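Subject: Structure for your files

Hello,

Here is the structure I said I would pass on. Please look it over before reading my notes.

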Amino acid sequence: MPLSVVFVTLTIAGLIMPLIKQRPAMMLNLTMAMHFLLGLLLILIGSGWIGTWRPPWYENTASLGSGVSISLMLGTTEFWAILAVISMIILFILSAYRHLRSVSHISLLMLHFNLVGILGIILTRDIFNLYIFIEIFTLTLIGMIKAEDSHRSTVQTLIFLFVNGLASAIFLLGTVLIYRNFGVLNFDVILSDPSILNHRDTAYASVLILSAVLVKMMQFPLNFWAKPILKTGSYPARTYIGVIVPLVFTYELIKLSALIHGTVMVFILITALINIIYSALRMIRCQDGRQAFIWLCFCLASLYVMGALILTRHQVFGWIGIFVLLTSLVQFILLRKTSLPDGPDPPVSDDATALPGADLNTAIMLMIAYVTLFLAAVAIAR
Amino acid sequence: MITIDLVAIALMIIGLWGMMTQKNLIKLVIAFNIFDTGVNLLIVSVGYIKDRMAPVLDSKDLRRQAEELIVDPVPSAMVLTSIVIGVAITALMLVFTVKYYRRTGSLILGEER
């Protein structure tokens, strides 16, 4: 099913690409709407099959009985997530209208795949499928970010690729740890079985998975390396990424919330709080509208994480949806307010001296230290 | 199985060390691939069951006794997907490395001729 979604999207994108050059404004809206609806339909049809997938020789089917309430919970959050994503896409279309010249055709093509990734992330209930869809989502972001053909953009994309690749491997390690111990990858089964949830190895696996998710959603402590990545994209792409990345991954954190133990929760909340304070301070001190925009993105992304996790603890899933939807709308409106005059963005300067080669190494070392600290906190708490 | 696990962990440590210490982009890509291979090897080792065969069921008898005869096919399928994703990431890394080289004439991150 995921393959068919990609195949259909690719075929339609190939057919539509020549038309985009002739009537870009009309085709932008048409392709966005068509791909979104098609992807939604295909994944909704397939989600039953993907969602109920279980590895061979899994015999404990009795636990599925209590999984109904978990399915309901996931279903509710899925509904809210889809609603939030639809609203963001409509806003993106409205935004892209005014900045159409700065949206490259490659960005549009990448957007189609990006939607496939988003829908997959929202609707799948299998950890490994989640990994695949996250990869589709994050790799297509690179195509959208890489709108500017500048030196700075190339360097930042490379750093993004390396850090992101490492985070993917960490995610995979967490997935393997769960499969090795319990032979399951299905969320419904994992969440409905207390013996799995309370197991020590689940805690370690969840730390690995959550670390990867936090790195991918640019919630890295003090996220100094992630900022220039957003800075290199065109205005609509930046706005889209700035809103959609925290939105999708916050939903992901909500989905994984049952795996988040007390210590891990405190750890994430502290990280989010540090990010909010740091980003807010940087934003206040910023004179340039572009810079302030990016710090605002980070500040609100951390706010998503904090708010969603606190609300999850109180088990009010409907409120989480409302919270995410409202904050994303507020974020988009604020981003519009901080936007620059109409027309294409000026080219990004090739300031190579501002990008020391140590950036990547420092980012990777910090990431490893962060994951280790995370694991140590869980080990001490237990 | 412990040997394979140890080899996988050793590969991951070598890959991480490479990614943290090297500045040459090609070496960084190689280091990432070593790390990725370590992770893939670890996944394969999860599905391995001693004295069992590959899950190729080409006869009815085999299919009937599959549960006792074959290794767990799920990790193999996972590794296959993971390799494909790894190749895609590596290809992207190399594309940007070439772009970087054409622009700067150097493969060292942050250094220009």
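This is a predicted model: local features need pLDDT of at least 70, side-chain atom pairs count only at pLDDT 80 or more; totals for chains, interfaces and linings use all residues.

The chains

Chain A is helical, with 15 helices and zero strands. Of its 382 residues, 51% count as buried. If one takes the contacts in chain A between residues at least 6 apart in sequence, 83% of them join residues at least 24 apart.

The C-alpha trace of chain B spans about 65 × 25 × 10 Å along its principal axes. Buried residues account for 29% of the 113 residues in chain B. For contacts in chain B between residues at least 6 apart in sequence, the share joining residues at least 24 apart is 54%.

Where the chains meet

The contact between the chains involves 32 residues of chain B and 32 residues of chain A. On chain B, helix H1 (2-21), helix H2 (25-47) and helix H5 (73-104) each supply at least two residues of the side that touches chain A. H5(B) gives the most to that side, with 13 residues. Sorted by class, the side of chain B that touches chain A has 22 nonpolar, three polar and seven charged residues.

One helix pair across this contact is H6(A) with H2(B), which pack at an angle of about 10° with their axes 10 Å apart. H6(A) and H2(B) are therefore roughly parallel to each other. From H6(A), the residues that meet H2(B) are A:Leu158, A:Phe162, A:Gly165, A:Ala169, A:Leu172, A:Leu173, A:Val176, A:Tyr179 and A:Arg180. Their counterparts in H2(B) are B:Leu25, B:Leu28, B:Phe32, B:Phe35, B:Asp36, B:Val39, B:Leu42, B:Ile43 and B:Val46. The contact of H6(A) with H2(B) has 15 nonpolar, one polar and two charged residues.

H6(A) within its own chain

Helix H6 (residues 151-182) of chain A also packs with helix H5 (residues 127-145) of chain A, at an angle of about 175° and with the axes 10 Å apart. That angle makes H5(A) roughly antiparallel to H6(A). On the H5(A) side the contact includes A:Phe128, A:Tyr131, A:Glu135 and A:Ile142. On the H6(A) side A:Phe160, A:Asn164, A:Phe171 and A:Leu172 are among the residues involved. A:Leu172 is also one of the H6(A) residues that meet H2(B). The residues of the contact of H5(A) with H6(A) divide into ten nonpolar, five polar and one charged.

The core

The largest nonpolar core has 118 residues, and those with the most contacts inside it are A:Phe162 and A:Val163. H6(A) gives the most to this core, with 19 residues. Leaving out residues up to four places away in sequence, A:Phe162 touches A:Leu360 in chain A, and B:Met19, B:Leu28 and B:Phe32 in chain B.

Single residues

B:Val79 is in helix H5 of chain B. It has 21 C-beta neighbours inside 10 Å and so counts as buried. Apart from neighbours within four places in sequence, B:Val79 is in contact with B:Asn40, B:Ile43 and B:Val44. Its C-alpha atom is separated by 8.2 Å from that of B:Leu41, 38 residues apart along the chain.

B:Tyr48 lies in the loop between H2 and helix H3 (60-64) of chain B. With 13 other C-beta atoms within 10 Å, B:Tyr48 is partly exposed. The C-alpha atoms of B:Tyr48 and B:Ile70 are 22 residues apart along the chain and separated by 9.1 Å.

In chain A, A:Leu256 lies in the loop between helix H11 (235-255) and helix H12 (262-285). A:Leu256 is partly exposed, with 19 other C-beta atoms within 10 Å. Its contacts, leaving aside neighbours within four places in sequence, are A:Ser206, A:Ile209 and A:Leu210. A:Leu256 and A:Phe187 are 69 residues apart in sequence and 8.5 Å apart in space, C-alpha to C-alpha.

Regards

How values were computed: Residues are numbered from 1 along each chain as its sequence is written. Chains are lettered from A and ligands numbered from 1 in the order in which they are written. Two residues are in contact if their C-beta atoms, placed from the backbone, lie within 7 Å. Helices (H or I, at least four residues) and strands (E, at least two) are DSSP runs, numbered from the N terminus. Ala, Val, Leu, Ile, Met, Phe, Trp, Tyr, Cys and Pro count as nonpolar, Asp, Glu, Lys and Arg as charged, and the others, Gly among them, as polar. A residue is buried if 20 or more other C-beta atoms lie within 10 Å of its own, exposed if 12 or fewer, and partly exposed in between; C-beta atoms are placed from the backbone. Axes are lines fitted to C-alpha atoms, for helices over the stretch in contact, and angles run from 0 to 180 degrees between N-to-C directions. Angles under 35 degrees count as roughly parallel, over 145 as roughly antiparallel, 65 to 115 as roughly perpendicular and the rest as oblique. A nonpolar core is a set of buried Ala, Val, Leu, Ile, Met, Phe, Trp, Tyr and Cys residues joined through C-beta atoms within 7 Å.
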